[in-house]
Amino acid sequence: MKFCKRYQEYMQKQEIQHLPGVGFKRFKKILKKCREEHQSNRKSNNGLLVSTSSSSSSSTSSHCPVCDGTFFPTLLKEMSSISCSFNTRAKKLLELHMATGVHKYLIWFRNKCQGNNISLVEEGKDLVTYATVNAIAIRKILKKYDKIHHSKQGQAFRLQARSMSIEILQSPWLNELIAFYINLRETKSSMRTIPGLLEECAVTFDQGKPSLSCVLFESLRLEIDLTCSICLETVFDAVSLTCSHILCYMCACSAASVTIVDGLKAANPKAKCPLCRKASVYECAVHLDELNILLKRSCPEYWRERQQSERRERVQQAKKHWENQCRAFMGI
């Protein structure tokens, strides 16, 4: 079965949950018209000089009378809608899983009514599938666009989407869901019997450098580097900036020129990511709780050593912060 038909059938099932999708069939029709238009133009130019063939190919790459002005803005809007919906639902699911107190008992009651914990697991599994299927659909559309137009605008569009933080495979909540499943798989034997539960996902080490490796839908491989770009160690108390780069929490605070007491929300909007130099990436950083649990289990000795050293640093920073607050209050 072709991907287009499979995608249409899959998204029809998601309409019950009101999950948005990309108009894959509609974009295919637009690109088909583009191809027919370009073929007719080439046929009409057969009687012209041979040199015009190169100029026509360059003109088709920069101008298309069929899809100019509508193709990319529409796709950008649909990508934004998909990313927003996925992030909102994944965040809600993980908050329920990590809940304590009254929230914890509400989750227990919900699961008791539904029989067991599988409902929460299946919901997260469906979200991962939703993210990967739509990511593949978008990649196929952009690849076809570049092939028909003999251009690299599709690749440029993907980079633009990534810079706008709407590339769904770059979402920190996808990383959290994958870590959530690995944690469940390693701690609960009942989870290992669920078919298709991200069996090929694990933390791998290459020359001591960790990464989160996962094979998703249709052999789509996701590799997430878990080395902090500032301290060059395995990320500890990891946070994901809005530009998708993962850093240690204390390293991120240092890069943003804020103390751990004030936190990243107090960062100056002009503060830039040390890797991509993008501004305003600290205020909405996501704390990767599930990933931290996974790394703590994967490298316990390193985690204990780092925890002790950072505890001392946190105490010193907190002491200095409150001393400054007292001096300011006393007018010293």
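Biologist: Which residues lie nearest the centre of the largest pocket?

Modeller: This is a predicted model, in which local features need pLDDT of at least 70 and side-chain atom pairs count only at pLDDT 80 or more, while totals for chains, interfaces and linings use all residues. Residues are numbered from 1 along each chain as its sequence is written, and side-chain values use heavy atoms, with hydrogens and water left out. On a 1 Å grid over the protein atoms alone, a pocket is an open set of points where a 1.4 Å probe fits, with protein on both sides within 12 Å along at least five of seven lines, and lining residues have an atom within 4 Å of a point. The lining of the largest pocket numbers 22 residues, and those nearest its centre are Gln-170, Cys-243, Ser-244, His-245 and Ile-246.

Biologist: Which element gives the largest share of the lining of the largest pocket?

Modeller: Helices (H or I, at least four residues) and strands (E, at least two) are DSSP runs, numbered from the N terminus. Two or more lining residues come from each of helix 7 (153-163), helix 8 (172-187) and strand 3 (221-225). The largest share, 4 residues, belongs to strand 3.

Biologist: How many aromatic pairs are there?

Modeller: Rings of Phe, Tyr and Trp (its six-membered ring) pair if their centres lie within 6.5 Å; planes under 30 degrees apart count as stacked, over 60 as edge-to-face and the rest as tilted. Ring pairs also link Phe-27, Phe-71, Phe-72, Tyr-145 and Phe-157 into a cluster. The count of aromatic pairs is 10.

Biologist: What is the class of the aromatic pair that Tyr-7 and Phe-24 form?

Modeller: Phe-3 and Phe-24 form an edge-to-face pair, at 5.4 Å centre to centre and 70 degrees between the planes. For Tyr-7 and Phe-24 the centres are 5.8 Å apart with 50 degrees between the planes. Tyr-7 lies in helix 1 and Phe-24 in helix 2, so their pair ties together parts 17 residues apart in sequence. The pair of Tyr-7 and Phe-24 is tilted.

Biologist: Is Tyr-7 buried or exposed?

Modeller: Buried means under 20% relative accessible area, exposed over 50%, and partly exposed in between (1.4 Å probe, protein chains only). Phe-24 has a relative accessible area of 5% and is buried. Because its relative accessibility is 1%, Tyr-7 counts as buried.

Biologist: Which residue lies over the face of Phe-3?

Modeller: A charge sits over a ring if NZ of Lys or CZ of Arg is within 6 Å of the ring centre and within 35 degrees of the ring normal. Arg-26 lies over the face of Phe-27, 4.9 Å from the ring centre. Over the face of Phe-3, at 5.3 Å from the ring centre, lies Lys-140.
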